[in-house]
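Subject: Structure handover

Dear colleague,

Here is the structure I said I would pass on. My notes on the fold and on a few residues follow below it.

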Amino acid sequence: MRPKKPHLQFLCDEDFPAPPMRLLRSHGLAVQSLPRLMRGKGVPDIRVLQYAHKLERILLTKDHDFIHDEQFTELIQRSPGVVHFVNPSPDASSREQLVVQFLRGFSERTIAGKILEVTQSTYRYRRPVRR
């Protein structure tokens with residue numbers, strides 16, 4: 001009997017738009033939004049990242065602070081990873097392209113402890129800022 005492939009799980013930051021979240025779900029990905037208690041209340045980014053880490057979910061965000069702020073470095077390095085979507089467009093076809101780029105660049109094995117930065121035209125893996 002073959003071992004079961006691990007089921008990928010994602011958590012969307014509060015700034016992550018609903019249409020791309022639904023689009024990712026339509027591609028068969030397990031995507032969860034923040035609980036109501038954490039939405040719209042200006043929950044600190046570190047708490048969102050800790051929550052994703054606790055749930056063992058990869059964080060999906062538009063927030064560039066995760067890339068540039070050293071306070072996240074250690075936790076990102078121990079986490080399942082962060083996917084940073086750069087400037088997602090409100091246009092439906094552009095969102096579709098962004099999701100396609102994400103799916104093209106995504107690898108569960110290579111994202112652990114890193115940030116996958118996805119734009120309309122490309123993707124790249126980044127290591128968190130070092131202290």
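I115 stands opposite R126 in β6, and L116 stands opposite Y125 in β6. Before going further, the basis: this is a predicted model, in which local features need pLDDT of at least 70 and side-chain atom pairs count only at pLDDT 80 or more, while totals for chains, interfaces and linings use all residues. Residues are numbered from 1 along each chain as its sequence is written, and side-chain values use heavy atoms, with hydrogens and water left out.

The sheet

The two residue pairs above belong to β5 (residues 115-118) and β6, which run antiparallel and are joined by 4 bridges. These strands form a hairpin with 4 residues between them. Strands here are DSSP runs of E with at least two residues, helices are runs of H or I with at least four residues, and both are numbered from the N terminus. Two strands are taken to pair if DSSP finds at least two bridges between them.

The sheet as a whole is open and has 6 strands in the order β2-β1-β3-β4-β5-β6, with mixed pairing. Its edge strands are β2 (30-33) and β6 (123-126), each of which pairs on one side only. From one strand to the next the twist averages 25°; axes are lines fitted to C-alpha atoms (for helices, over the stretch in contact), and angles run from 0 to 180 degrees between N-to-C directions.

Further in, β3 and β4 pair in the parallel sense over 3 bridges, and T61 stands opposite H84 in β4. On the next pairing, β4 and β5 run parallel and are joined by 4 bridges; there F85 stands opposite V118 in β5. As background, the side chains of a regular strand alternate between the two faces of the sheet. In β4 both faces are covered: V82 and H84 on one side, and V83 and F85 on the other, are all buried. Buried means under 20% relative accessible area, exposed over 50%, and partly exposed in between, with a 1.4 Å probe and protein chains only.

The helices and the chain

The chain has 6 helices and 6 strands, arranged along the sequence as β-α-β-α-β-α-α-β-α-α-β-β. Helix α1 (residues 18-26) lies across β1 (9-12), β2 and β3 (58-61), and runs at about 155° to β2. Helix α2 (residues 45-55) lies across β1, β2, β3 and β4 (82-85), at about 160° to β1.

Which residues of α1 are buried? They are P20, M21, L23 and L24. Seen down the axis of α1, its buried residues fall within an arc of 160°, so they line one face of the helix; the arc is that of the directions from the helix axis to the C-beta atoms. R22 and S26, on the other side of α1, are exposed. After α1 comes G28, with a positive phi near 90°.

For the chain overall, 42% of the 131 residues count as buried. Of the contacts between residues at least 6 apart in sequence, 56% join residues at least 24 apart, where contact means heavy atoms within 4.5 Å. The chain exposes about 7,700 Å², with carbon and sulfur atoms supplying 49% of it; accessible areas come from the Shrake-Rupley method with a 1.4 Å probe, and for residues only the protein chains shown count as cover.

Individual residues

E56 has a positive phi of about 60° although it is not a glycine. Most residues other than glycine have a negative phi. E56 sits in the loop between α2 and β3 and is exposed, with a relative accessible area of 62%.

D65 lies in helix α3 (residues 65-68) and is partly exposed, at a relative accessible area of 30%. Leaving aside neighbours within four places in sequence, D65 is in contact with D45 and F72. D65 and D45 are 20 residues apart in sequence, with their C-alpha atoms 8.1 Å apart in space.

Rings of Phe, Tyr and Trp (its six-membered ring) pair if their centres lie within 6.5 Å; planes under 30 degrees apart count as stacked, over 60 as edge-to-face and the rest as tilted. By this rule the count comes to 2 aromatic pairs. The rings of F66 and F72 have their centres 4.8 Å apart and their planes at 45°, so the pair is tilted. Both F66 and F72 are buried.

Regards
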